[in-house]
Amino acid sequence: MIQALTSPLLRVGLTAMIAFRALRRNKLRSTLTALGIIIGVASVVSIMALGRGTQKRIQDQVSSLGSNLLVIFSKSRRTNAASAGSGQSGNLTLADVEAIRREVRSVKALSPEVTLTAQAVANGRNWSTTIAGESPDYLHIRDWPLARGSMFTERELRTSARVAVIGSRTSRELFGPLHPVGQTVRIKNMPFTIIGQLESKGAGIGGADQDDRIVIPYTTAMRRLTGEKYPRLVTLQISSDDLMSAAQEQITALLRQRHRLTDGRKNDFDIVNQKEIADTVNSITTTLTYLLGGIAGLSLLVGGIGIMNIMLVSVTERTREIGTRIAVGAQPRDILLQFLIESITLSLLSGAIGVALGYGVSAAATMIPNFHPSVSTGSIVVAFGISFAVGVFFGFYPARKAANMNPIAALRFE
Amino acid sequence: MNASVIELDNLQKIYRTGDVEVRAVNGVSLRIERGDFVAIMGSSGSGKSTLMNMLGCLDQPTDGQYLLDGVDVARLGRSELSRLRNLKIGFVFQSFNLLSRTSACENVELPLFYTNPHVPLRDRRQRAIEALKKVGLGERLYNHPNQLSGGQQQRVAIARALVNNPELVLADEPTGNLDTRTSIEVMGLFQALNDAGITVIMVTHELDIAAYCKRIIVMRDGRIIRDEVNAARIFANDQRAVLDASEQHASLS
Ligand SMILES: Nc1ncnc2c1ncn2[C@@H]1O[C@H](COP(=O)(O)OP(=O)(O)O)[C@@H](O)[C@H]1O
Ligand SMILES: [Mg+2]
């Protein structure tokens with residue numbers, strides 16, 4: 001009974017040994033054949049790893065924006081300056097912002113934003129940077145800690161105070177290793193007192209350096225620097241994740257009403273949901289990753305054809321051996337198994353080398369700053385699964401050809 | 001178990017290639033008893049190999065009946081025939097058919113590898129070594145075929161044929177590729193096997209090889225034209241002595 005059970009298993013093991021030896025005998029040939037699968041598996045594994053790394057990086061960037069964010073953009077084509085004085089529809093006004101703050105309960109904090117590019121002069125140096133007019137809540141919303149000093153207050157906002165919080169890069173450019181807090185920086189010839197310095201945040205979405213900026217009260221930016229009356233956009237933080245869409249709808253309704261948009265007219269503003277950005281970016285990178293992985297997978301097919309080719313050669317070369325084995329009592333399935341195991345061994349070994357190589361590529365890519373590709377267990381399982389399937393699929397025909405040989409003809413084969 | 005080992009009744013093998021029909025074996029009826037030692041002779045193309053292939057269950061007859069040990073072989077499927085060959089029949093070929101780059105020992109183990117129920121590695125090794133000792137190759141267990149002479153290779157093949165204690169050993173021109181002295185040695189081995197009770201059937205076209213057998217069958221055009229007991233049987237030991245003497249004579253003169 002036990003014999004009956006163990007015997008087939010033992011045979012598979014023994015047959016595998018025969019197959020292994022046959023492969024070792026033709027080292028060069030086996031290696032060349034394996035190359036197709038090796039390259040295919042290595043590309044699939046490393047592309048998946050790089051894809052994951054990219055996705056992780058983008059997710060990090062999206063979440064570095066802060067959490068539960070909505071951004072309202074004005075759609076008005078007219079420049080703010082040109083339409084100064086007119087409170088008409090098409091512009092996002094500070095009154096709109098106030099209305100949102102008053103009426104939408106789930107809005108935890110918000111910050112209207114005005115930006116400009118200007119020369120900052122300090123410490124005898126000159127540096128062109130982004131000046132961002134924001135509200136005091138801005139740093140909370142962006143989850144952006146201060147390295148030293150403090151953020152400006154509501155009072156300073158109301159009085160359009162000439163105070164500034166400086167980004168780490170800008171500080172380095174202007175002050176080198178010196179502490180900037182307490183220093184004066186001149187923007188458009190106007191002196192600002194630096195009251196705080198931001199922690200470094202790195203590149204944002206799109207790769208712009210978030211650390212190269214000076215944050216000032218938006219009132220100061222509008223009144224003293226640009227003369228604009230309307231913010232370009234408003235960043236809002238919603239109190240919880242599940243209130244995001246409700247808040248979005250509420251704000252939309254409120255703004256439509258305030259801008260007197262009748263039914264059928266399009267919104268004259270855009271509301272972007274942080275989660276939507278993340279989801280969109282995610283799905284794009286995922287699609288791209290699978291697409292590239294699939295293309296790399298095609299080389300597995302080519303590798304499989306290589307295996308089939310070499311197995312057919314091997315079967316022909318060993319015709320007499322096959323005849324002899326059949327004559328001394330090998331069953332057709334023994335022969336089938338022998339050659340099938342040979343092709344599966346070849347493809348699995350190639351798969352293993354391919355996985356190792358893919359690991360190597362992924363490890364090398366971690367040297368890129370802020371990039372953390374990682375090989376997933378899933379992709380390894382898939383790589384081995386595909387290697388196995390390739391071995392079975394492309395090994396089956398040659399193996400069956402061997403198993404169905406006529407022993408008499410095989411024994412006489414020259 | 002007093003049935004004949006082999007019973008053939010009007011056995012036929014017809015090959016058709018296009019419109020041409022070749023009656024390779026054309027109505028052979030024959031009984032071979034246990035312990036017999038038969039030589040099948042005949043000119044080239046007379047159907048000897050075709051007959052042997054059918055006796056060895058490597059080929060199925062077109063018509064007629066073949067009983068091996070009382071079993072009608074025509075009723076068996078491919079894998080049952082494999083099993084039958086494995087357990088009951090040993091083959092020796094003219095061109096040895098050893099696996100290259102495989103030691104003598106492993107070559108001899110080959111049939112045991114396919115025996116069901118499974119023969120454990122240790123037993124396989126041990127039986128292979130015994131068989132190789134029987135054919136006088138106890139010192140060459142781990143040599144590969146390309147490290148052995150033709151005679152030695154054929155002896156490995158004979159060891160392979162007898163490792164699974166077959167009832168029947170079939171040899172198609174086993175001395176065809178060997179010189180006189182090694183032919184004598186190989187025939188000596190067959191005679192020893194036969195003395196141990198194994199039925200041996202061999203094809204040869206040389207009369208002096210057939211002379212070692214107990215019974216000589218002659219074929220022509222797929223039929224048996226003569227079948228008689230070998231009255232002038234010779235023995236390998238004597239022949240070896242004769243050869244030694246004549247070689248000595250040759251080197252003296
Ligand atoms: N596979 C085959 N197809 C067609 N004809 C064959 C085949 N095998 C053998 N023959 C023919 O059958 C006849 C007997 O061949 P064979 O048994 O090999 O003769 P022998 O072994 O006596 O020399 C020959 O005429 C040969 O050409
Ligand atoms: Mg022949």
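1. Some ground rules. This is a predicted model, in which local features need pLDDT of at least 70 and side-chain atom pairs count only at pLDDT 80 or more, while totals for chains, interfaces and linings use all residues. Residues are numbered from 1 along each chain as its sequence is written, chains are lettered from A and ligands numbered from 1 in the order in which they are written, and side-chain values use heavy atoms, with hydrogens and water left out.

2. Chain B as a whole. You'll find 8 helices and 10 strands in chain B; helices (H or I, at least four residues) and strands (E, at least two) are DSSP runs, numbered from the N terminus. Its radius of gyration is 19 Å, close to the 18 Å that the globule rule gives for 253 residues, so chain B is as compact as a globular protein of that length. That radius is taken over C-alpha atoms, and the globule rule is 2.2 Å times the number of residues to the power 0.38. The C-alpha trace of chain B spans about 55 × 50 × 40 Å along its principal axes.

3. Inside chain B. Of the 253 residues in chain B, 55% are buried. Buried means under 20% relative accessible area, exposed over 50%, and partly exposed in between (1.4 Å probe, protein chains only). Take the contacts (heavy atoms within 4.5 Å) in chain B between residues at least 6 apart in sequence: 70% of them join residues at least 24 apart.

4. Where chain B touches chain A. Here 29 residues of chain B are in contact with 29 residues of chain A. The area buried between the two chains is about 2,600 Å², with carbon and sulfur atoms giving 53% of it. Arg78(B), Tyr114(B) and His118(B) supply 28% of the area that chain B buries against chain A, more than any other three residues. Buried area is the accessible area (1.4 Å probe) that two parts lose on being put together, summed over both.

5. Polar links across the interface. Between chain B and chain A there are 11 residue pairs in polar contact (both at pLDDT 80 or more). A polar contact is a pair of N or O atoms within 3.5 Å; within protein, one must be able to donate a hydrogen and the other to accept it, and residues adjacent in sequence count only if both atoms are side-chain atoms. On the side of chain B that touches chain A, the elements giving two or more residues are helix H1 (48-55), helix H2 (78-88) and helix H3 (104-113) of chain B. H2(B) gives the largest share, 6 residues.

6. Salt bridges, and one between the chains. Side chains of opposite charge can pair when their charged atoms come close. A salt bridge is a side-chain nitrogen of Lys or Arg within 4 Å of a carboxyl oxygen of Asp or Glu. Over all chains, the structure holds 26 salt bridges. The count between chain B and chain A is 1. Glu106(B) pairs with Arg21(A), their closest N and O atoms being 2.6 Å apart.

7. Which residue forms a salt bridge with Arg318(A) at 3.2 Å? Glu342(A) does. Arg318(A) lies in the loop between helix H9 (274-317) and helix H10 (319-327), and Glu342(A) in helix H11 (residues 332-365), so the pair ties together parts of chain A that are 24 residues apart in sequence. Both Arg318(A) and Glu342(A) are buried.

8. Two pairs in chain B. Glu167(B) and Arg34(B) form a salt bridge (2.8 Å, N to O) that links parts of the chain 133 residues apart. Glu167(B) is partly exposed at 22% relative accessible area, and Arg34(B) is partly exposed at 35%. Arg181(B) and Glu247(B) form a salt bridge too (2.9 Å, N to O), with Arg181(B) in helix H6 (residues 180-195) and Glu247(B) in helix H8 (residues 236-252), 66 residues apart.

9. Backbone spots to look at. The peptide bond from Asn116(B) to Pro117(B) is cis, with omega near 0°. Is Glu173(B), with its 15% relative accessibility, buried or exposed? Glu173(B) counts as buried, and its phi is positive, near 50°, in a residue other than glycine. Asp221(B) also isn't a glycine, and has a positive phi of about 50°; at 59% relative accessibility, Asp221(B) counts as exposed.
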